[in-house]
Amino acid sequence: MEQPGEIKKVSMAVIKRLPKYYKCLGELLRKNAERVSSQELSKLLGFTASQIRQDLNNFGEFGQQGYGYNVSQLYKEVSKILGLNTSHKMILIGAGNLGQALANYTGFTTHGFNIIAIFDTNASLVGRKIKDIPIYHVEDMEYFINKNDVDIAVLTVPRDETEKIVKALMKTGVRGIWNFTPAEININNTNIVVENVHLIDSLLTLSYHINESWLQERLLKQKR
């Protein structure tokens, strides 16, 4: 039984669906929608209406029988659940092609994620700026994080540099690591949350679905 003051444990599957609700509700707001039913959300998102109600009930009672959900209110609530009601300081470690692409992406700031510094080992990059974000040597990273209360470290370094960087981050007050390196980061530190992003895995999944679709089309042709 859940005790008073306890935070309800929510499944990872539900958490991964929250950004989809957030984006969908944002689109509805831009279209000046005032309310939406779980059935309407079901058509937009591809989840069942029952699943949507169950997901949202993990965080409170947001809808009304016969009315549905107030779009503006639900958008604000989901935003709070995702921690978007506050801003987050981020640093980027690795100023290569992927790092530069992330530094130039404007969507982070829109949602309250502000990259305030970039770190790299390449001396020719140190002292430069990417979109007004200064590049420092990675040796200054620990000091910078602790002085500036950085929340999130974004990793775009080569695989063989990952372990060293992670060990350095564990000595700081950073609260989250967004890992774009080929290495899987698993650390036994409850104070730091890690999100591993494997771009090649996503691409291979896409490749599987394309191949599956091609095989189905081929089988249909053979049956004709």
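**Entry 1: a charge over a ring.** I began with Arg-17, and in this predicted model I found that Arg-17 lies over the face of Phe-47, at 5.8 Å from the ring centre. Phe-47 itself is buried, with a relative accessible area of 17%, which is under the 20% that the term requires.

**Entry 2: aromatic pairs.** I then searched the whole structure for aromatic pairs, and the search gave 8 of them. One of these joins Tyr-21 to Phe-47, with ring centres 5.8 Å apart and planes at 80°, so I noted the pair as edge-to-face, since an angle over 60 degrees places a pair in that class. Where do the two partners lie in the chain? Tyr-21 belongs to helix 1 (residues 12-30), while Phe-47 sits in the loop between helix 2 (38-45) and helix 3 (49-57), so the pair ties together parts that are 26 residues apart in sequence. I also looked up the accessibility of Tyr-21, which at 2% counts as buried.

I turned next to Phe-119 and Phe-144, whose ring centres are 5.5 Å apart and whose planes stand at 70°, so this pair is edge-to-face. The pair links distant parts of the chain, with Phe-119 in strand 5 (residues 113-120) and Phe-144 in helix 7 (residues 141-148), 25 residues apart.

**Entry 3: helix 1 against helix 4.** Coming back to helix 1, I checked how it runs past helix 4 (residues 71-81), and found that the two axes come within 9 Å and cross at roughly 145°. The crossing of helix 1 with helix 4 is left-handed. On the helix 1 side, the residues in contact include Leu-18, Tyr-22 and Leu-25, and on the helix 4 side they include Val-71, Leu-74 and Tyr-75. Sorting this contact by class, I noted 10 nonpolar residues, 3 polar ones and no charged ones.

**Entry 4: the whole protein.** Last, I stepped back to the protein as a whole, which has 9 helices and 10 strands, and whose C-alpha atoms fill a box of roughly 60 × 60 × 40 Å along the principal axes. Of its 224 residues, 37% are buried. Among contacts with a separation of 6 or more, 57% come from residues 24 or more positions apart.

Terms used:
Residues are numbered from 1 along each chain as its sequence is written. This is a predicted model: local features need pLDDT of at least 70, side-chain atom pairs count only at pLDDT 80 or more; totals for chains, interfaces and linings use all residues. Side-chain values use heavy atoms; hydrogens and water are left out. Rings of Phe, Tyr and Trp (its six-membered ring) pair if their centres lie within 6.5 Å; planes under 30 degrees apart count as stacked, over 60 as edge-to-face and the rest as tilted. Helices (H or I, at least four residues) and strands (E, at least two) are DSSP runs, numbered from the N terminus. Buried means under 20% relative accessible area, exposed over 50%, partly exposed in between (1.4 Å probe, protein chains only). A charge sits over a ring if NZ of Lys or CZ of Arg is within 6 Å of the ring centre and within 35 degrees of the ring normal. Axes are lines fitted to C-alpha atoms, for helices over the stretch in contact, and angles run from 0 to 180 degrees between N-to-C directions. A crossing is left-handed if the near helix is turned anticlockwise from the far one by less than a right angle, and right-handed if clockwise. Contact means heavy atoms within 4.5 Å. Ala, Val, Leu, Ile, Met, Phe, Trp, Tyr, Cys and Pro count as nonpolar, Asp, Glu, Lys and Arg as charged, and the others, Gly among them, as polar.
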